[in-house]
Amino acid sequence: MCMVCYSYLQSPLVQNDNCKAAIDIPLITKVNAPLKAELDISGLTTQLKELIQNEVEKAVSVAMKDLAENFVDKRIQSALEILQTNNNRTFSRFIQELEVAITAFLSRSGKVDSRSVLKLDEVVLDIGINNLLTFKSTGKFVCEQTGLYMISVSIMSNTNGAIFFIYLNGNRISTTYIATQDKGWWHTGTTVVAVQLKIDDRLWGQTNETYVREIYSDVTIIKVK
């Protein structure tokens, strides 16, 4: 709003909607004789007030619209950031729960006594395994996530009539015969089993007084569902 218009509207002539219909305008003739003319300003006052009112309403409308849009944008941005963070956490947790796998080899050749747990302690891959130290020190796989697992075990031995077993919580679930031979040749026996495991279930392998070859003896456990 220009200062002239504002000053005019603030003058006593237009206050409280009691605008004077006319004002006296002093005039000076060429011969400096004082004259007086009467100017009707009622129409001008009304037009100015309408013009200023419209401009004020437009300015307020634009300001409110900008404020509302800015507020909505911030709320949307905040909601999207929260949603993205939650989705990332959920997806990460889903991947962690989905992926469980371990592959390990025998680190040193040697005779495994009957009823002794076969410790395949050279771990080359572990995903989603938190109790890895327990597996390496005891040879027992402790289930941390309920699901369907596939277990593959291969044992190389030169022991005549070598056999190895897979146990679940003390119960034998697999028996694999390696070979009958009398010349000390090395043979490999392999078994693959699928088993439903619950949290804290324990899975391990045993042999019957068998000499086991390093590197060529391994186990792989994968959660498939």
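Glutamine 206 counts as buried because its relative accessibility is 11%, where buried means under 20% relative accessible area, exposed over 50% and partly exposed in between, with a 1.4 Å probe and protein chains only. This is a predicted model, in which local features need pLDDT of at least 70 and side-chain atom pairs count only at pLDDT 80 or more, while totals for chains, interfaces and linings use all residues. Residues are numbered from 1 along each chain as its sequence is written, and side-chain values use heavy atoms, with hydrogens and water left out.

Glutamine 206 sits in strand S11 (residues 202–207), strands being DSSP runs of E with at least two residues and helices runs of H or I with at least four, numbered from the N terminus. Leaving aside neighbours within four places in sequence, glutamine 206 is in contact with residues including Arg115, Leu118, Phe164 and Tyr167, contact meaning heavy atoms within 4.5 Å.

The count of salt bridges (a side-chain nitrogen of Lys or Arg within 4 Å of a carboxyl oxygen of Asp or Glu) comes to two.

| Salt bridge | N to O distance |
|---|---|
| Lysine 111 – glutamate 209 | 3.3 Å |
| Aspartate 201 – lysine 198 | 3.9 Å |

Lysine 111 lies in strand S4 (residues 110–112) and glutamate 209 in the loop between S11 and strand S12 (210–212), so their pairing ties together parts that are 98 residues apart in sequence. Lysine 111 is exposed at 54%, whereas glutamate 209 is partly exposed at 38%. In the other pair, aspartate 201 is buried at 8% and lysine 198 is exposed at 51%.
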